[in-house]
Amino acid sequence: MVVGEFTTEVDVLVIGAGPGGYVAAIRAAQMGKTVAVVEKGELGGVCLNVGCIPSKAMIHAAHTYEHTQHTESMGITMENVKVDFAKVQEWKSGIVKQLTGGVGSLFKGNKIQVIPGEALFVSENEVRVFHGYDVNRYRFQHCIIATGSRPIELPAFPFGKRVMSSTEALSLTELPKSLVVIGGGYIGIELGTVFAKFGTKVTILEGSDQILPGFEPDMPRLVERKLKKLDVTIHTKALAQGMEETENGVIVTAEVKGEQQKIEAEYVLVTVGRRPNTDELGIRDIGMNVTDRGLIVVDKQGRTSIPNVYAIGDIVAGPALAHKASYEGKVAAEVIAGHPAEVDYKAIPAVVFCDPEIASVGINEKEAKEKGIDYVVGRFPFAANGRALSVNAGEGYVKLIAEKETNLVLGAQIVGPEASNIIAEIGLAIEMGATLEDIELTIHAHPTLGEVTMEAAELALGRPIHVMK
């Protein structure tokens, strides 16, 4: 039974209230448009509810607990430090609630209508929104699709009681005694580290020849060293083949470097990537151009093959990153408002909140060589930085890459403390066309971790102060 069916008209309809959708909605409202947002779940999407934010809260909690085990060198001894995991989850949920509530307040302040339900396109200017037994129509002048993505499920490891995606892993009420992580990318490494620090025996299976594939080998090498100190078993060139459920867990069968292995664990966490949420929108029925992988084809302004409909975030080409989605959302909203905006992916930072953190922006050395660029490198170690040593975080480095003739900053890779924050300065340098001299001549506060960026620039210029050339 369908209850009612009413038609509402808006200037801009946004489908999805994640970091792409809610940002796009707010920017469109700021531009004077009437805006409505369709969301089938909670405001904030995956990122705020079951992704970026809760995972970073858990990472901080795990790091805090681990830190209490290693303070003797500073003259501080702690005894009987325990983890109340239910309390950890309660604290994490409080952070999520605060942020999602903030999105709701921003919507209210910007006079944005929230429509609960799932949208289905019926034409180029209209959707039906299904919410329980209710179905309503919404006509729009422009639409921004921001439906995000979901974890990929492996046929041999269907999600269930013992097999989890990142969503379920972040909501466990008790710490598992043992865990097999299938996939050594950023989600698997981050969550594997969390549980290992809390005392879970973790085994990671990664198909390529290194964890965190896509980063230069030197970067994950330091992360792997730390994981092994946490008693994490890492198998690269490994293929998870199947599993058998037991009374208290699972037995995972895997091929590791050509040999069969069986690994017992309480749970399995599958982190092998994400799939775009485009299959239930009806977009193919209205003639929208979609790839075989389910990604919507867009131009530099986020416009789809249907001129008044835009798509952003995980459902278009490029890395599935929240900050990329937010950026694209602003561009799409400004284009709708008549501004000459377009996307420019010159400096999208990639960050992994592992231990130590790693971050990258711009190009790396391999890419510079492939492009035939004559370049210089400055790689400065945190071990020569006073602030890093004073917080017991002297591992890692900042590496800058610049064009040799002009000293124009082209890229950076960071492994070490607060890499996620330090990378922002270098991203700005790339965006504004800064040179090594610009970074060198910028006075960096002392003692700070940010000084390592300045020192790397000096090293690339051949005049380092705190290391020998």
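Student: Which residue of strand 13 is the bridge partner of E244?

Tutor: The partner of E244 is I251 in strand 13. A strand here is a DSSP run of E with at least two residues, a helix is a run of H or I with at least four, and both are numbered from the N terminus. Before we go on, this is a predicted model: local features need pLDDT of at least 70, side-chain atom pairs count only at pLDDT 80 or more, and totals for chains, interfaces and linings use all residues. Residues are numbered from 1 along each chain as its sequence is written, and side-chain values use heavy atoms, with hydrogens and water left out.

Student: What makes strand 12 and strand 13 a pair?

Tutor: Two strands pair if DSSP finds at least two bridges between them. Strand 12 (residues 238–245) and strand 13 (residues 250–256) are joined by seven bridges and run antiparallel, so they meet the definition of a pair. They form a hairpin, with four residues between them.

Student: Which residues of helix 7 are called buried?

Tutor: They are M219, P220, L222, V223, K226 and L227. Buried means under 20% relative accessible area, exposed over 50% and partly exposed in between, with a 1.4 Å probe and protein chains only. In general, an α-helix has 3.6 residues a turn, so residues three or four places apart point the same way.

Student: What comes just after helix 7?

Tutor: D231 follows, with a positive phi of about 65°.

Student: What makes the space lined by P151 and I152 a cavity?

Tutor: On a 1 Å grid over the protein atoms alone, a cavity is a set of points where a 1.4 Å probe fits but cannot get out, and lining residues have an atom within 4 Å of a point. The structure holds one cavity of 30 Å³ or more. The largest cavity has about 60 Å³ of space, where a volume is the space filled by probe spheres set on the points, joined across faces, edges and corners. Its lining includes P151, I152, S166 and R274.

Note on methods. 1 Å grid on protein atoms, 1.4 Å probe; cavity = no way out; pocket = protein on both sides within 12 Å on 5 of 7 lines; lining within 4 Å.
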